[in-house]
Amino acid sequence: MYSKDQASQIRQAFWTAFGQYIAPQLSADGLKINWVNYKTGIKHVSFRMQAANRSASIAIEISHPDLGIQELFYEQFKELKAVLHDTLQEEWEWELHGTDEYGKTISRIYKDLPQASIFNRDDWPKLVSFFKPRIIALDEFWSTAKYSFDALK
């Protein structure tokens, strides 16, 4: 197994490599974008890519501390579910009021990639092939859908 420092270096190397690989890709609005740290422009709504020892996931996370408001955001995404899944070209999992790794209540719309490890460089192409089309599709969805959330800001 890796030390904490080694694990951190491997994760950093992957995300740096992924960031460099996807950097030439412009956003749906034709702008340069930081894909790894994607900014939705709405506080408490984020697009999160995670890769761990045994799996990876990409998610829309709603982390508003007021659970009622968090549910309003979730319901607004549900209104756009058909558009989202059409843009992604696949169904994702929906979870209202789950718990993140820190014990905080969040809501998520996500897709998992099982049996892939960030610590196995042979899996990196699989991880890139998993993340790239989905983050690009999320951006395409968000370029029009974000306006539906203006009233909730």
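## Basis of the model

The model is predicted: local features need pLDDT of at least 70, side-chain atom pairs count only at pLDDT 80 or more, and totals for chains, interfaces and linings use all residues. Residues are numbered from 1 along each chain as its sequence is written, and side-chain values use heavy atoms, with hydrogens and water left out.

Helices (H or I, at least four residues) and strands (E, at least two) are DSSP runs, numbered from the N terminus.

## Helices α1 and α4

Two packed helices are described by the angle between their axes and the distance between the axes. Axes here are lines fitted to C-alpha atoms, for helices over the stretch in contact, and angles run from 0 to 180 degrees between N-to-C directions. Helix α1 covers residues 4-22 and helix α4 covers residues 124-145; their axes come within 11 Å and cross at roughly 50 degrees. The two helices are therefore oblique to each other. Angles under 35 degrees count as roughly parallel, over 145 as roughly antiparallel, 65 to 115 as roughly perpendicular and the rest as oblique.

On the α1 side, the contact (heavy atoms within 4.5 Å) is made by Ile10, Ala13, Phe14, Trp15, Phe18, Tyr21 and Ile22. On the α4 side, Trp124, Leu127, Val128, Phe131, Lys132, Ile135 and Ile136 take part. Sorted by class, this contact has 13 nonpolar residues, no polar ones and one charged residue. In this sorting, Ala, Val, Leu, Ile, Met, Phe, Trp, Tyr, Cys and Pro count as nonpolar, Asp, Glu, Lys and Arg as charged, and the others, Gly among them, as polar.

## Helices α3 and α4

Helix α3 (residues 81-88) also meets α4: the axes come within 9 Å and cross at roughly 140 degrees. These helices are therefore oblique to each other, and their crossing is right-handed.

Val83, Leu84, Thr87 and Leu88 of α3 touch Arg134, Ala137, Leu138, Glu140 and Phe141 of α4. The contact holds six nonpolar, one polar and two charged residues.

## The nonpolar core

In soluble globular proteins, nonpolar side chains tend to be buried together. A nonpolar core is a set of buried Ala, Val, Leu, Ile, Met, Phe, Trp, Tyr and Cys residues joined through side-chain atoms within 4.5 Å. Buried means under 20% relative accessible area, exposed over 50%, and partly exposed in between (1.4 Å probe, protein chains only). The largest nonpolar core in this model has 42 residues, and those with the most contacts inside it are Phe14, Phe77, Leu127, Phe131, Ile135, Leu138 and Trp142. Two or more residues each come from α1, β1 (45-51), β2 (55-62), α2 (67-79), α3, β4 (105-114) and α4. Helix α4 gives the most, with 11 residues.

Leaving out residues up to four places away in sequence, Phe131 touches Phe14, Trp15, Phe18, Met49, Gln50, Ala51, Ala56, Ser57 and Ile58.

Trp94 is in strand β3 and counts as buried, at 18% relative accessibility. Its C-alpha atom is separated by 4.6 Å from that of Ile109, 15 residues apart along the chain. Beyond four places in sequence, the contacts of Trp94 include Tyr74, Phe77, Leu84 and Ile109.

Asp29 lies in the loop between α1 and β1 and is partly exposed, with a relative accessible area of 45%. Asp29 and Ser143 are 114 residues apart along the chain, and their C-alpha atoms are separated by 6.8 Å. Apart from neighbours within four places, Asp29 is in contact with Ser143 and Lys146. Leu72, in helix α2, is partly exposed at 48%; from C-alpha to C-alpha, Leu72 is 8.0 Å from Leu152, 80 residues apart in sequence.

## Positive phi values

Gln89 lies in the loop between α3 and β3 (93-99). Gln89 has a positive phi of about 60 degrees although it is not a glycine, and is exposed, with a relative accessible area of 73%.

Gln115 lies in the loop between β4 and α4. The phi of Gln115 is also positive, near 55 degrees, and Gln115 counts as exposed at 70% relative accessibility.

Methods: A crossing is left-handed if the near helix is turned anticlockwise from the far one by less than a right angle, and right-handed if clockwise.
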